[in-house]
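Subject: Structure handover

Hello,

Here is the structure you are taking over. My notes on what was found in it follow below.

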Amino acid sequence: MIKVIRADITGLSCDVIVNAANQALRGGGGVDGAIHRAAGPKLLEACRKIGGCPTGEARITPGFKLAAKWVIHTVGPVWHGGDHGEAALLASCYRNSLELALHQGARTVAFPGISTGVYGYPKEQACRIALGIMREYEDRFDGIICCCFSDEDKRIYDETLSATD
Ligand code: AR6
């Protein structure tokens, strides 16, 4: 089941929350900063040990002080106008994150809108890609949660989800 909610992802007690990270996995602003603050300094230590993550791929760490058991860090593409492979890379983020969650035995996974903040990916287009991949995987989870940070983002997800029912 795919569920759309408006919430701060750091407060969710699901098996996995996904982080919109950068290639260095060294924390940052946006949802990345919020997740690192809530998880505590051990998260950065775990990310340092991993070393880094190429765009489109995903890596997993424990959630430490978070309610979520695991954090999957994925690196979305920076938007450069749409003809630099952005769509395929964003789809890979969702696919690789969900594959890693399955491998971990996770039953519930929550995603923020990867790349739709600092990285500038147009929200409607990113939402269609996210929901397309989630649909492929929804039967293999108890819940895939689209965690929207604003009413506007939630409206985009609700409308796109019902348009593709
Ligand atoms: N809970 C849920 N969603 C959130 C939260 C939160 N607490 N905070 C922000 N969002 P962004 P990106 C939403 O910029 O575009 C970082 O510095 C936000 O409204 O966090 O992939 C990294 O280190 C937006 O819809 O990620 C990278 O350098 C979405 O999360 C870079 O930013 C993603 O916005 C990654 O940029």
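**Helices H3 and H4**

The crossing of H3 and H4 is right-handed, meaning that the near helix is turned clockwise from the far one by less than a right angle. Helices (H or I, at least four residues) and strands (E, at least two) are DSSP runs, numbered from the N terminus. Please note that this is a predicted model, where local features need pLDDT of at least 70, side-chain atom pairs count only at pLDDT 80 or more, and totals for chains, interfaces and linings use all residues. Residues are numbered from 1 along each chain as its sequence is written, and side-chain values use heavy atoms, with hydrogens and water left out.

The axes of H3 (residues 86-103) and H4 (residues 123-137) come within 9 Å and cross at roughly 35 degrees. These axes are lines fitted to C-alpha atoms over the stretch in contact, with angles running from 0 to 180 degrees between N-to-C directions. On the H3 side the contact (heavy atoms within 4.5 Å) includes Leu90, Tyr94 and Leu98, and on the H4 side Ala130, Ile133 and Met134 are among the residues met. By class, this contact has 12 nonpolar, no polar and 3 charged residues; Ala, Val, Leu, Ile, Met, Phe, Trp, Tyr, Cys and Pro count as nonpolar, Asp, Glu, Lys and Arg as charged, and the others, Gly among them, as polar.

Buried residues of H3 include Leu90, Tyr94 and Leu98, where buried means under 20% relative accessible area, exposed over 50% and partly exposed in between (1.4 Å probe, protein chains only). H3 is followed by Gly105, with a positive phi near 80 degrees.

**Cores**

A nonpolar core is a set of buried Ala, Val, Leu, Ile, Met, Phe, Trp, Tyr and Cys residues joined through side-chain atoms within 4.5 Å. The largest has 33 residues, of which Tyr94, Phe111, Leu131, Met134 and Tyr157 touch the most other members. H4 gives the most to this core, with 8 residues. A second, separate core of 19 residues includes Leu43, Ala68, Val71 and Ile145.

Leaving out residues up to four places away in sequence, Tyr94 touches Phe111, Ala130, Met134 and Tyr157, among others.

**Two backbone exceptions**

Most residues other than glycine have a negative phi. Phe64, in the loop between strand S3 (58-62) and strand S4 (70-75), has a positive phi near 50 degrees. Ser115, in the loop between S5 and H4, has a positive phi of about 75 degrees. Phe64 is partly exposed at 34% relative accessibility, whereas Ser115 is buried at 5%.

Regards
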